[in-house]
Amino acid sequence: MNRQATVDRGLPVAVPSTALFTDQYELTMLQAALRAGTAERRCVFEVFARRLPEGRRYGVVAGTGRVLDAVENFRFDDQVLDYLRERGIVDEPTLDWLSGYRFSGDIAGYPEGEVYFPGSPVMRVEGTFAESVLLETVILSILNHDSAVAAAASRMAVAAGGRPLMEMGARRTHELSAVAASRAAYLGGFASTSDLAAGFRYDIPTVGTSAHSFTLLHDSERDAFTAQVDSFGSGTTLLVDTYDVAEAVRSAVEIAGPGLGAVRIDSGDLLLLAHRVRHQLDELGASGTRIVVTSDLDEYAIASLAAAPVDAYGVGTQLVTGSGHPTCAMVYKLVARAASDGPDAPMLAVAKKSMGGKSSAGGAKWAARRPDEDGVAAAEVVGTGPVPEELREHQLHVPLVRGGETVAREPLDAARERHTRALAGLPMSAMQLSRGEPVLPTEYV
């Protein structure tokens, strides 16, 4: 199959619209602004993170494609409007306005798969206050979740050093989050997923053979292995740690032959067992049989197995929870607004000023990544006003939506490949798993 030509098949579960994937105060602000006559003022909102999760050296932009889906499907149908009316959430004039809601503004941002740093304006939404403020919650929900998972996946892929990674976290998160997590993990460098809904929607390669319950179902481990090999052939993967690993490996090769595809180890001292199993497989003539390890892996556990004869890793819980950082703490802030309701009114920079590190910089911003003399990224440069000539070809924003129409639809593989290129352009210290500061400083001009 030509993966570049595949089409997103849509959600495999029924979601009437994305309009209620929001916080109530988005609608109450809308009602008050409509009554005050300020709802139609032109505004610019930006998405950014004030800092990276503690110890992380870079972030990963993920979920952009899902944001575009959400904006297109942000519609207040009769059923949704009836719910808002029955609960008295907003008044009738606001309901009338919502009934015709269509985002008609512009969205630009870092392309999906790109890396980001503190203060990076990863997405910019321009339109009226009314149409832009409604998108805050759903945009942040998607970007915070997907970027967290993608960052964890990226670090795990770095730790794996080219060995394939399988996403296996569906049973550790919400069923819809599992689909999004699979997508983000694939973008971040994973090769496959166990989740069929993710495979169906995004054409991610899927994997899976058997669990311990299949072995326990049968009268003996040999019976279980025989049944699996008879059904799927000798190229299958046999789970060998239900009882005694050495005995299971011996039985697996006897039943499947030296062409056994792989064995999976899901418990115990993975480093020790991998060496023992590799030695045993080679002695039995199954030198081509791969070893797959699972069992609560994270990037540090994967790195600790770098010298082990492991061929692939399966990761679940730590991946779908962002490996300790399940959100990126991205925010959606108003940074500029028109001085009045007039179509030609000048734009004014606005910003929150507060204690406790929650202040923000006003003005619609551009972003560029300045390279050093060797072409390696040296700084993330963020500014307002004209872009310096030397940075114009290094700008990071791309158009995503123009006049309400999506202009940046792309296959997931394109974002996955972009992430590989983005990592290759960073200093080598970005690949270190030890705690550290962001690998690039953010400079404001």
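**A question to start with**

**The model and its confidence**

This is a predicted model, in which local features need pLDDT of at least 70 and side-chain atom pairs count only at pLDDT 80 or more, while totals for chains, interfaces and linings use all residues. Residues are numbered from 1 along each chain as its sequence is written, and side-chain values use heavy atoms, with hydrogens and water left out.

The pLDDT, which is the predictor's confidence in each residue from 0 to 100, has a mean of 95 for the chain, and 96% of the residues reach 70 or more. Over residues 1-7, however, the pLDDT is below 50, and this stretch has 13 contacts in the model beyond near neighbours in sequence, where contact means heavy atoms within 4.5 Å. Where pLDDT is low, the predicted coordinates should not be read in detail.

**The seven-stranded sheet**

Helices (H or I, at least four residues) and strands (E, at least two) are DSSP runs, numbered from the N terminus, and two strands pair if DSSP finds at least two bridges between them. Seven strands form an open sheet with antiparallel pairing, in the order β13-β12-β1-β5-β3-β16-β17. The edge strands, each pairing on one side only, are β13 (347-349) and β17 (405-406).

Strand β1 runs antiparallel to β5, to which six bridges join it, and also antiparallel to β12, to which seven bridges join it. Phenylalanine 45 has valine 125 in β5 as its bridge partner, whereas the bridge partner of valine 44 is alanine 336 in β12. Elsewhere in the sheet, β16 (residues 398-402) and β17 pair in the antiparallel sense over two bridges, and arginine 402 stands opposite glutamate 405 in β17.

**Helices on the sheet**

Helix α2 (residues 64-72) packs on the sheet and touches β3 (106-109), β5 (123-128), β16 and β17, and its direction makes about 15° with that of β16. Helix α6 (residues 136-160) also packs on the sheet, touching β1 (42-49), β5 and β12 (330-338), and its direction makes about 140° with that of β12. For these angles, axes are lines fitted to C-alpha atoms, for helices over the stretch in contact, and the angles run from 0 to 180 degrees between N-to-C directions.

Valine 71 lies in helix α2 and is buried, with a relative accessible area of 7%. Not counting residues up to four places away in sequence, valine 71 touches Phe103, Ile107 and Leu135. Although valine 71 and glutamate 405 are 334 residues apart in sequence, their C-alpha atoms are 9.8 Å apart in space.

**Nonpolar cores**

A nonpolar core is a set of buried Ala, Val, Leu, Ile, Met, Phe, Trp, Tyr and Cys residues joined through side-chain atoms within 4.5 Å. The largest such core has 64 residues, of which Val293, Ile302, Tyr313, Leu319 and Leu426 touch the most other members, and its largest share, eight residues, comes from α6. Leaving aside neighbours within four places in sequence, leucine 426 is in contact with residues including Tyr58, Phe117 and Val376. A second, separate core of 50 residues includes Ala49, Val90, Val125 and Tyr332.

Serine 267 lies in the loop between β9 (262-265) and α12 (270-283) and is partly exposed, with a relative accessible area of 32%. Its contacts, leaving aside neighbours within four places in sequence, are with Asp241, Leu273 and Ser295. The side chains of serine 267 and aspartate 241 make a polar contact (2.4 Å); such a contact is a pair of N or O atoms within 3.5 Å, and within protein one must be able to donate a hydrogen and the other to accept it, while residues adjacent in sequence count only if both atoms are side-chain atoms.

Serine 295 is found in the loop between β10 (290-293) and α13 (299-304), and aspartate 296 lies in the loop between β10 and α13 as well. Most residues other than glycine have a negative phi. Serine 295, however, has a positive phi of about 100°, and the phi of aspartate 296 is near 50°, also a positive value. Serine 295 is partly exposed, with a relative accessible area of 29%, whereas aspartate 296 is exposed, at 64%.

Key: Buried means under 20% relative accessible area, exposed over 50%, partly exposed in between (1.4 Å probe, protein chains only).
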